[in-house]
Amino acid sequence: MPGFRYNVSRTNPMTSFAIGVDLGGTNLRIAAVDDNGTLLEKITLGTQVQKGRDFVITEMCEAIQQVVTKYAGKGQLDGIGIGVPGIIDLETGMLYESPNLPGWDHYPVREEIESRLKTKVVLENDANAAAFGEKWLGAARDYPSMCMMTLGTGVGGGIVLEGRIWHGMTGMAGEIGHITVEPEGAKCNCGNRGCIEQYASATAIVRMAREAIESGHAPELKRAAEGNNKEFNSRVVYQMAVQGDAAAQEIYRKVGRYLGIAMGDIINTLNLNMYVIGGGVVSAWEAFAPAMMEEIYRRSFLYRATAPERNLGKMKTTIVTRALLGTDAGLFGAARLPMMERELEAHAH
């Protein structure tokens, strides 16, 4: 894949490296990445949240320590970047709340980790970290600014302006998952109705499939759900769509249409070159992208004026594309954070 440089060339040896951490509710992933963007090592552990935050932090710090020790002789450690799902106070490093990490509310994550590892730690929202990864090494690497939407269990978002993550006033900017696309639509956990999260996430796809089954108009989906009760997920619905099932195809058309409504709004608001869609659901790109692009075209006059077919030149074109780094985007983005802080400090002196 473009953007990956696994072997460091002799002419550009590693001078420093950083650790990127993706702290999810299910998996804890840790990577060592050098300043050329080469992935040196990646470790995946289960996040045993039921054992409490102290256990998770201890396990994470031990794994980080092992990796740091392994590469210590090869270059300087810039620090540790950690992508966390939830609301973070960027100044204090406090995690206010995280739906995926029960019992972590009002927890001084950064302080805890820094005191154990005695090194610089940068915390960031996980969707922002993924956007930053795609900006550094992925689909948006040739552009100064970009916006990313991640379609997973929920829908996340991140905005990078002129090479920096746009945080807004309280660090909450880029909550794209809660753009309203259906005014009186499905109820969302955020308290609103009709958020894009309720129409384009993996969870939403399963809900829409179950609704179709209940309506009695989706016999094939019904059969698949009964056969796969434990594992009836968005991937099963996608497979059915690929095999030509009309009800499954209609669900993905709906996903595409609602994504197009949200994307059209975002394009009209931000007027950036590059909009990247990532997350697990993006593997079904062929099933939802045509409806999405059609809707963007219909709803965004700005997109119509700057669409690729108008040949306005690279920096005057609006591109909507899929992410390139997959689940590693957040790891690369998290690792890039301490590197960037070091670079900014170096420029300041």
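Q: What counts as a strand, and when do two strands pair?
A: Helices (H or I, at least four residues) and strands (E, at least two) are DSSP runs, numbered from the N terminus. Two strands pair if DSSP finds at least two bridges between them. This is a predicted model: local features need pLDDT of at least 70, side-chain atom pairs count only at pLDDT 80 or more, and totals for chains, interfaces and linings use all residues. Residues are numbered from 1 along each chain as its sequence is written, and side-chain values use heavy atoms, with hydrogens and water left out.

Q: What is the strand order of the open sheet?
A: Strands of a sheet pair through backbone hydrogen bonds, either parallel or antiparallel. Here 5 strands run in the order S3-S2-S1-S4-S7, with mixed pairing. Strand S3 (39-46) and strand S7 (121-125) are the edges, each pairing on one side only.

Q: In which sense do S4 and S7 pair?
A: Strand S4 (residues 76-84) pairs with S7 in the parallel sense, over 5 bridges. Gly 83 stands opposite Glu 124 in S7.

Q: Which strands does helix H2 touch?
A: Contact means heavy atoms within 4.5 Å. Axes are lines fitted to C-alpha atoms, for helices over the stretch in contact, and angles run from 0 to 180 degrees between N-to-C directions. Helix H2 (residues 109-117) packs on the sheet and touches S4 and S7. Its direction makes about 150 degrees with that of S7.

Q: Is Ala 31 buried or exposed?
A: Buried means under 20% relative accessible area, exposed over 50%, partly exposed in between (1.4 Å probe, protein chains only). Ala 31 lies in strand S2. Ala 31 is buried, because its relative accessible area is 0%.
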